[in-house]
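Look at the structure below with its sequence beside it.

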Amino acid sequence: MSSINGLGREGPAPVVEDEITSFFGSAPPLKDSEKIFEKLNRFIELNSSPQGGDGGERRIVCVTSGGTTVPLEQRCVRYIDNFSSGNRGAASTEYFVKAGYAVIFLYRRGTCQPYCRSLPDDPFLECFEFPDGSDIQVRSSHSEAVKRAVRDQQAAVAESRLLKLPFTNIFEYLQTLQLIGTALKDLGPDAMFYLAAAVSDFYVPWNSMTEHKIQSGAGPLDIRLAQVPKMLWVLRTKWAPSAFCISFKLETDSKILLEKAGMALRKYKVHAVVANELLTRKEEVVVVSTDGNVLVRRDTDKPGSDVEDPLIRLIMDRHSAYIKESHT
């Protein structure tokens, strides 16, 4: 069977919709969903109104970051994790904010945060000293990095350019993404989704889990995992169909990377797929689109440079062209 409008898993759209409805119907309720939706609407209002922010409208991008967990018990002790440090999403957020975007940063708790990447690797408390027994001070060796991180972070939040929303498991991630998609729908092409999070492909349905910790004394453990519905389908067709959408494809085998990225591009009709190979992901990526493939490399002549710098500039140019085309 062919896919509907080229989107989603192969098969009739009602089948995909049934899978998605089943997933959300069995998921545990998202905590503080009303507060999250209020924060989203306020943030969007501030940045899409000429009276908000710096006096002008801003484009808004949702950056997803980090990996989702799959709990194995309802009162979770054990879980399956997805590898992701969150560095790509954190770095990209900094460059988006610098370029004038407002960013909704949907991130995994405990992963890399915007403006913290330049901080020393030392444990947090070792960044400070107590020289005279009365006032805590930042150690001189860390002073500039800490001040810069605090200044940039607080400025972005105070000027309504950064809204951070956390998740841990696959249920929280997808429910929050649904809220964001619904909230951004009316912005049309001025909204962007930059989906850098590593999202679990499989999960244990909530109503199939044991409530309490699985006991090791029961012997070998057999777990049947269900496939997570391909939410890109519903994001592209229902939640925010006019938004500019960038997805990511990570592989450990470079021989299949571009093929898999091309398949994702055609299957979900996203506007570009950022293809990264695990070992070289910090040095270069390939942006795959219907216009061809573009290799993006980190500027090795510039100390401390990130591959996200030229990547975000390219994505912004593509977004501008998309907005212009949408308005003609």
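Eight strands form an open sheet in the order β7-β4-β1-β8-β11-β12-β13-β14, with mixed pairing. At its edges stand β7 and β14 (292–297), each with a single partner strand, so one side of each has no neighbour in the sheet. Neighbouring strands are turned by 20° against each other on average, direction ignored. Strands here are DSSP runs of E of at least two residues, helices are runs of H or I of at least four, and both are numbered from the N terminus. Two strands pair if DSSP finds at least two bridges between them.

This is a predicted model: local features need pLDDT of at least 70, side-chain atom pairs count only at pLDDT 80 or more, and totals for chains, interfaces and linings use all residues. Residues are numbered from 1 along each chain as its sequence is written, and side-chain values use heavy atoms, with hydrogens and water left out.

β11 (residues 244–251) and β12 (residues 272–277) run parallel and share six bridges. Ser 247 stands opposite Val 273 in β12.

Now turn to the helices. α5 lies across β1, β4, β7 and β8 (191–195), at about 160° to β8. Such angles run from 0 to 180 degrees between N-to-C directions, with axes fitted to C-alpha atoms, for helices over the stretch in contact. Contact means heavy atoms within 4.5 Å.

Helix α2 has 16 residues. Its buried residues are Ile 36, Leu 40, Phe 43, Ile 44, Leu 46 and Asn 47. Buried means under 20% relative accessible area, exposed over 50%, and partly exposed in between (1.4 Å probe, protein chains only). The buried residues pack against β1 (60–65), β4 (102–108), β7 (162–167) and α5 (170–184). The face turned away from them carries the exposed residues Glu 34, Lys 35 and Glu 38.

What does Ile 36 touch, not counting residues up to four places away in sequence? Its contacts are Leu 30, Lys 31, Leu 165, Thr 176 and Leu 179. Ile 36 is buried, at 15% relative accessibility.

The structure holds zero disulfides, a disulfide being a pair of cysteine sulfur atoms within 2.5 Å. Cys 62 is buried at 0% relative accessibility, while Cys 76 is partly exposed at 40%.

Terms used:
The expected span of a helix is 1.5 Å times one less than its number of residues.
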